[in-house]
Amino acid sequence: MARTRTRLLRAAVGVVAALAIGAGIAWALFGPGGLFLLRFQEGAAGFAPAYTAQNASLTVRGGRRVPIHVYVPHGGHERLVLVIHGVHHDGYDEERLVYFARRLVQAGYAVATPELEDLKRYEITPRTADDIEELIAWAGAHPLARESRRDPRIGVVGISFGGGLAISA
């Protein structure tokens, strides 16, 4: 009887330890992304803080100007997120991209959406990745990155083909 209790106790301790270790590993791997999705869902549930939409621009190599929409929630933000659009003739005004950016703002993030002229014209050129690289540097140095409640690191999200370009940049 005492042996059975000891075995059951050891088994229970082993299961609890395995669950604790598994939870720690899951948190380390998925915690930040999970928190992002949770905050995004909270914003989707109807919590809609007021925000300000601004226009900015960045002059990139070759003297070309890249226009940027910037959405800033009132009352502070968790982090600045740079959202790169895909290949589409509406560029940063594409309806689904604007909706996505507003949802991020509702979840408490400041959002910058640049318009990449080559992608808007359905052209894939090496300079687009260079432009994204410069936009990432711009976003990292932007006052909104330093003013974030969490930390000054930025997030970079690429939609459709913009995702591959963002990774390559």
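Which residue does the side chain of arginine 61 meet in a salt bridge? I looked this up first.

**Entry: basis.** I am working from a predicted model, where local features need pLDDT of at least 70, side-chain atom pairs count only at pLDDT 80 or more, and totals for chains, interfaces and linings use all residues. Residues are numbered from 1 along each chain as its sequence is written, and side-chain values use heavy atoms, with hydrogens and water left out.

**Entry: arginine 61.** The partner is glutamate 134, at 3.2 Å from N to O. I took a salt bridge as a side-chain nitrogen of Lys or Arg within 4 Å of a carboxyl oxygen of Asp or Glu. Glutamate 134 sits in helix 4 (residues 126-141), and arginine 61 lies in the loop between strand 1 (51-59) and strand 2 (65-73). The two are 73 residues apart, so the pair links distant parts of the chain. Helices (H or I, at least four residues) and strands (E, at least two) are DSSP runs, numbered from the N terminus.

**Entry: accessibility.** Buried means under 20% relative accessible area, exposed over 50%, and partly exposed in between (1.4 Å probe, protein chains only). Glutamate 134 is buried at 17%, and arginine 61 is partly exposed at 47%.

**Entry: network.** I found Arg61, Asp130, Glu133 and Glu134 linked in a network of salt bridges. My search of the whole structure gave 10 salt bridges.

**Entry: two further pairs.** Lysine 120 meets glutamate 115 in a salt bridge at 3.5 Å, N to O. Lysine 120 is partly exposed at 26%, while glutamate 115 is buried at 9%. Arginine 121 bridges to glutamate 123, with the closest N and O atoms 3.1 Å apart. Arginine 121 is partly exposed at 38%, and glutamate 123 is partly exposed at 34%.
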